[in-house]
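Work through the exercises below with the sequence and the 3D structure at hand. Each task is followed by a solution in steps.

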Amino acid sequence: MLELKECNPQLLDNLDHVRSALYGAAEGVGAHIVGECFHQFSPQGVTGVLSIAESHISIHTWPEYNYAAADIFTCGSSFQPRDAAKVLIELFESKQPEITEVRRGLLSLPVVI
């Protein structure tokens with residue numbers, strides 16, 4: 001989970017930039033993009049989900065608060081979510097980012113086929 005505080009509000013309210021930033025984060029870590037859905041709100045704000053073979057990257061922006069919340073959810077170990085987070089921190093010019101890593105799932109169980 002990524003808290004992006006003190007961001008550039010113009011970037012947060014630009015759907016093309018938000019979309020490009022998520023693509024940049026995914027491509028920058030070698031994720032495999034399989035789909036997308038983005039929406040520009042009125043009067044402001046953007047939400048977006050980038051589906052990746054490894055799971056998803058999502059974001060919700062609040063330009064009026066210079067804030068965005070992003071999730072980088074991955075399965076497996078093909079890339080490090082923190083590397084994708086660093087891309088988003090840079091592209092939204094966040095001056096006060098916070099990264100929280102949550103390990104999820106039943107990791108100690110054997111794979112059933």
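Helices here are DSSP runs of H or I with at least four residues, numbered from the N terminus. By that rule, S20 lies in helix α2. The model is a predicted one.

**Exercise 1.** State how many helices and strands the protein chain has, and give their order.

Solution. 
- Step 1: The count gives three helices and six strands.
- Step 2: Read from the N terminus, the order of elements is β-α-α-β-β-β-β-α-β.

**Exercise 2.** Decide whether S20 is buried, partly exposed or exposed.

Solution. 
- Step 1: A residue is buried under 20% relative accessible area and exposed over 50%, with partly exposed in between.
- Step 2: The relative accessible area of S20 is 47%.
- Step 3: This value falls in between, so S20 is partly exposed.

**Exercise 3.** Find which residues of helix α3 are buried, and explain how they are arranged around the helix.

Solution. 
- Step 1: Helix α3 covers residues 81–91, and its buried residues are A84, A85, L88 and I89.
- Step 2: Viewed down the axis of α3, these buried residues fall within an arc of 145°, so they line one face of the helix.
- Step 3: After α3 comes E93, which has a positive phi, near 55°.

**Exercise 4.** Describe how α2 and α3 pack against each other.

Solution. 
- Step 1: The two helices, α2 and α3, pack at an angle of about 150°, and their axes are 8 Å apart.
- Step 2: Angles over 145 degrees count as roughly antiparallel, so α2 is roughly antiparallel to α3.
- Step 3: The crossing of α2 and α3 is right-handed.
- Step 4: On the α2 side the contact is made by H17, A21, L22, G24 and A25, and on the α3 side by A84, V87, L88 and L91.
- Step 5: S20 and L91 are 71 residues apart along the chain, and their C-alpha atoms are separated by 9.2 Å.

**Exercise 5.** Give the share of residues that count as buried in the protein chain, and the extent of its accessible surface.

Solution. 
- Step 1: The protein chain has 113 residues, of which 35% count as buried.
- Step 2: Its accessible surface comes to about 6900 Å², and 53% of that belongs to carbon and sulfur atoms.

Key
Residues numbered from 1 in each chain as written. Predicted model: local features only at pLDDT ≥ 70, side-chain atom pairs only at ≥ 80, totals over all residues. Heavy atoms only, no water. Buried < 20%, exposed > 50% of the residue type's maximum accessible area, 1.4 Å probe, protein only. Arc of directions from axis to C-beta. Areas by Shrake-Rupley, 256 points an atom, 1.4 Å probe, with all protein chains shown as cover. Axes fitted to C-alpha atoms, helices over the stretch in contact; angles between N-to-C directions. Parallel < 35°, antiparallel > 145°, perpendicular 65-115°, else oblique. Left-handed = near helix turned anticlockwise from the far one by under 90°. Contact = heavy atoms within 4.5 Å.
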